[in-house]
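Trainee: Before we look at anything in detail, could you show me how to read a model of this kind feature by feature?

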2 protein chains.
Amino acid sequence: MSPREKRERLQQFEVLCRQRGLAITVQRRRILELILDRRDHPTADGVYELASRHLPNISRTTVYRVLDTLVELGVINKACSPGAATRFDPVTARHHHLLCVQCEKLIDLADSRVDHGVELPEVGDLAFQIKDFCIQFSGLCAACRRKPARRGAAPPKTDRPGERRGQC
Amino acid sequence: MSPREKRERLQQFEVLCRQRGLAITVQRRRILELILDRRDHPTADGVYELASRHLPNISRTTVYRVLDTLVELGVINKACSPGAATRFDPVTARHHHLLCVQCEKLIDLADSRVDHGVELPEVGDLAFQIKDFCIQFSGLCAACRRKPARRGAAPPKTDRPGERRGQC
DNA sequence: CTCCGTGCAAAAGGTTTGCACTGGT
DNA sequence: ACCAGTGCAAACCTTTTGCACGGAG
């Protein structure tokens with residue numbers, strides 16, 4: 001990530017913290033910086049490794065908690081693992097998923113019109129051989145739309161379209 | 001799933017087992033049946049719960065092993081969790097992922113042309129409010145294309161396109 | 001009859017929680 | 001000075017592994 005973009009992201013992070021009354025601690029700042037420098041989707045443990053170099057006394061617990069916070073602020077995203085445990089799907093034909101970002105319910109979507117427009121990307125330079133794809137739509141399920149908010153989460157903001165909430 | 005389709009799937013399962021010299025055990029058959037009846041993406045533990053009703057002495061270990069086997073046979077799919085641990089992504093703008101089904105490397109794909117064709121599905125009946133989406137392309141990364149196969153996996157079959165290998 | 005598959009127990013990750021102390025605000 | 005945030009340890013949950021027995025081929 002470019003130094004300029006990185007600076008902007010850090011600034012955005014501080015603004016969000018102040019908005020929500022969250023402290024801007026060394027740990028939060030440093031961990032965010034570390035992740036912004038990465039393009040390889042580190043695991044929590046990987047982040048801990050990296051963070052340890054800068055903050056020798058940091059604990060894994062803190063790393064987990066900070067990552068959670070950063071995800072809630074929306075400055076980073078979780079990749080994969082909507083729930084803790086792996087889930088299994090009897091449908092092996094191509095289909096897509098609706099993931100509720102609140103209760104993490106996973107719903108099959110058998111609408112084949114959806115993916116007709118998807119063109120396989122050109123990945124010649126990556127030498128990646130694509131075999132299939134799956135689209136994950138994220139949002140709120142019927143039940144969660146009725147419930148106002150979840151514990152500890154931000155107050156219900158206006159739903160700016162384009163705002164990123166899902167994880168993938 | 002319709003009784004007819006279910007019967008077909010079970011038959012396909014038995015054929016695949018015989019092809020690969022795998023035993024058709026009560027546990028494998030029953031667990032497959034259970035999952036075919038579900039549309040709610042049960043976790044391994046959920047499957048264990050269900051299976052326990054029919055096979056009181058079954059162990060969690062077996063459930064895990066059977067699920068693995070069924071996924072390798074291709075009669076069910078894993079949903080989510082390419083790796084054991086959650087991974088974090090500094091990129092919060094919409095982008096997509098290339099997932100290597102062998103080494104489980106996750107690569108960002110910033111090709112916005114890809115998703116221009118995606119039309120949001122009609123989910124009025126589900127009352128699901130879609131906020132965003134993410135496409136996961138699965139296949140083989142450059143490194144794994146060079147390596148022949150992985151431990152214990154099926155021998156390198158011809159790559160029929162349309163064959164489903166990825167998990168999502 | 002021969003192994004593959006199972007069950008049990010124990011270990012190995014990954015993540016969360018309770019509690020006391022420390023450092024931002 | 002107050003309280004959110006941290007560090008430590010222990011608990012917890014999910015998954016994997018080693019080993020001996022039993023049943024499918």
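Trainee: Through which surface do the copies meet, and what part of the interface residues of chain B are also interface residues in chain A?

Mentor: Contact here means heavy atoms within 4.5 Å, and 99% of the interface residues of chain B are also interface residues in chain A, so the copies meet through the same surface. The contact draws on 71 residues of chain B and 70 residues of chain A. Keep in mind that this is a predicted model, in which local features need pLDDT of at least 70 and side-chain atom pairs count only at pLDDT 80 or more, whereas totals for chains, interfaces and linings use all residues. Residues are numbered from 1 along each chain as its sequence is written, chains are lettered from A and ligands numbered from 1 in the order in which they are written, and side-chain values use heavy atoms, with hydrogens and water left out.

Trainee: How much area do chain B and chain A bury between them?

Mentor: Buried area is the accessible area (1.4 Å probe) that two parts lose on being put together, summed over both; for chain B and chain A this is about 6900 Å², with 60% of it on carbon and sulfur atoms. In chain B, the residues that lose the most area to chain A are B:His41, B:Phe88 and B:Lys131, together 13% of what that side buries.

Trainee: How many salt bridges does the rule find across the interface of chain B and chain A?

Mentor: A salt bridge is a side-chain nitrogen of Lys or Arg within 4 Å of a carboxyl oxygen of Asp or Glu, and the rule finds two across this interface. One of them joins B:Arg39 to A:Asp108, with the closest N and O atoms 3.7 Å apart.

Trainee: Which strands are joined between the chains, and in which direction do they run?

Mentor: Strands are DSSP runs (E, at least two residues), numbered from the N terminus, and two of them pair if DSSP finds at least two bridges between them. Strand β2 (residues 87-89) of chain A and strand β1 (residues 77-79) of chain B run antiparallel and are joined by three bridges, and A:Phe88 has B:Lys78 as its bridge partner in β1(B). Within chain A, four bridges join the antiparallel strands β3 (residues 96-100) and β4 (residues 106-109), where A:Leu98 is partnered with A:Ile107.
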